[in-house]
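Hi everyone, thanks for coming. Please take a look at the structure on the screen, and I'll walk you through a few parts of it.

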Amino acid sequence: MGTNTENGVLYRFYRNRVGEPDTDDEVRGYWVFLIGILLGALGLVLFFLSESASGADGFTLREGSIMLLAVGLSMLLAGPVIRLPLQSWATSMAYLGQVISFVAVAWFTAAFPADWSTLTGNQPVIFLYAAGMGLIALAGIVGSIVGGATREALEASEQHSSELAAELEAAREERETVQSELTADLEELESLVESLHTSQAQFELYEDRASEWRWRLRHRNGNIIASSGEGYTRKHNAKKGLASVRRNALGATLLEIVPEPQEASEDALEDAPLIPDVAEESQATFEVYEDNAGQWRWRLRHDNGNIIADSGEGYSSKQKARQGITSVKDNAGPASYLQFDPASFEIYRDNAGEWRFRLLHRNGNILAAASEGYSRRRDAKRAVESFRDDVSEDRFEVYEDNRGEFRWRWQAANGEIVATSGEGYTSKSDANEAVERITWTAPDADALDVGLAAFEVFEDSSEEWRWRLRHRNGNVIADSGEGYAERNKVHNAIESVKRNAPGADIE
């Protein structure tokens, strides 16, 4: 009936074993129910033992068992009713029924066995006990249906619900805070990894004149700041050597070897910078001119008179031609090599800042392209690996588009469309032939991360070797202008452009 709980032994036991009570009656009803179970069990034991007893002692034992059973039964019924959060009059009715049943048990003690019939018992005693039990049951039924819970219990329940909701909200906010912190840490880590990928230099893998594979690290100004030092008989071994340098250079310590004082010259003791601050002096000049068709073009002429690069296409104005020269000057030095044998993947960043890939044939045609852009470089790399490792024909779907052209798309194991044809074909057979070419070339195609631009080395229809400098947006911003009989001469020409284009003057 009250809402304030006490601090006795029984209350502390209830708090420790059951939980925090909302009312005193909750604790009292619990103990009434528990004592009723104990008394009823003890009464049953005594009742069975009294069957084998005799004389006055036997009747006394039987009387005690009946008393315990009657008290235990009334307490078993009254305990749950008292424990319910009922209105005060309903709880008082349960207490009153409990008292009446106890009076009936006391009357039974006085009447048994002299005034107790073995067939009908004692009618007044039985009626009084039944009235007490009925009053307890009536309090539970009518009190819960008509009266309902007490206002205090409802308020306590609402308070408990509010506290629980507050705890859940606090837990949700804490979870969101932790998730936000983890997301921030992850973004910071990705930014750090991205910064490690961003460099002022790039590795180049190439085949020298002796048909040995080598690597070199070229700064964006065109200068070579590190090289393999030795050749490798296999391209795979050169890649392993390059990967070892990338893996170990970042955390490598410095061991400074100083020669003996008497042998060391003053020049030998000077520290040479690891990365050059300026490009080498150019031995070539950009020439801007207007051709016979009225278009503006440029060419890069070496001091020895040879044309080592030209624009490849005409521009509508002199200003646009100069813009093309600026793009070459900015991109030629750090541009990577992309050699088609017969096709290679390019991983690049488009104008929207998203990462994409495309599969290029050595004739310059785009065989396949990413179906969508990726926010991270590694996602584009994973897409290339997925496409290259499982480029089976059963994953290709050839279909006809709205314009009546035939196209294909490649679907990964998870159902995602990873690559598309990029262009339409006039017939379904042409699209199927394109799929066959891709299944043949893609598994062995190299993948190259392209910065702003890349040099593409390819063999033309006349079996001559050429190069072109392609921007990441797909535009060719420079080409060799002429073909070479041997591949190594193309590399020499590219090296000349890399050395001379960044610092060349414009005439």
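**Hairpins and aromatic rings**

Let's begin with a turn. Strands β15 and β16 form a hairpin with 5 residues between them, and in that turn E463 has a positive phi of about 65 degrees. Please keep in mind that this is a predicted model.

Now, how do the two strands of this hairpin line up? Strand β15, residues 453–459, pairs with β16 in the antiparallel sense, over 7 bridges.

With strand β17, residues 476–479, it pairs in the antiparallel sense over 3 bridges. Here you can look for R468, standing opposite D479 in β17. These strands also form a hairpin, with 4 residues between them, and G474 takes a positive phi near 100 degrees there.

So is β16 largely enclosed or open? Of its 7 residues, numbered 465–471, 6 are buried, so the strand is largely enclosed by the rest of the structure.

Let's step back to the whole chain for a moment. The protein chain has 507 residues, and 37% of them count as buried. Its secondary structure comes to 11 helices and 18 strands. Taking contacts between residues at least 6 apart in sequence, 54% join residues at least 24 apart. The accessible surface comes to about 29200 Å², and 52% of that belongs to carbon and sulfur atoms.

Next, the aromatic rings. How many aromatic pairs are there? The count comes to 12. Take F345 and F357 as one of them: the ring centres are 6.2 Å apart and the planes meet at 65 degrees, so this pair is edge-to-face. The cut-off behind that word is an angle of over 60 degrees. The pair links distant parts of the chain, since F345 is in strand β8 (residues 343–349) and F357 is in strand β9 (residues 355–361), 12 residues apart. Both F345 and F357 are buried. They also belong to a cluster linked by ring pairs, together with F387, F396, W408 and W410.

The charged end of R299 sits over the ring of Y289, 4.1 Å from its centre. For R358, the charged end sits over the ring of Y348, and the distance to the ring centre is 3.9 Å.

That's my tour, and I'm happy to take questions!

Note on methods:
Residues are numbered from 1 along each chain as its sequence is written. This is a predicted model: local features need pLDDT of at least 70, side-chain atom pairs count only at pLDDT 80 or more; totals for chains, interfaces and linings use all residues. Side-chain values use heavy atoms; hydrogens and water are left out. Buried means under 20% relative accessible area, exposed over 50%, partly exposed in between (1.4 Å probe, protein chains only). Two strands pair if DSSP finds at least two bridges between them. Contact means heavy atoms within 4.5 Å. Accessible areas come from the Shrake-Rupley method with a 1.4 Å probe; for residues, only the protein chains shown count as cover. Rings of Phe, Tyr and Trp (its six-membered ring) pair if their centres lie within 6.5 Å; planes under 30 degrees apart count as stacked, over 60 as edge-to-face and the rest as tilted. A charge sits over a ring if NZ of Lys or CZ of Arg is within 6 Å of the ring centre and within 35 degrees of the ring normal.
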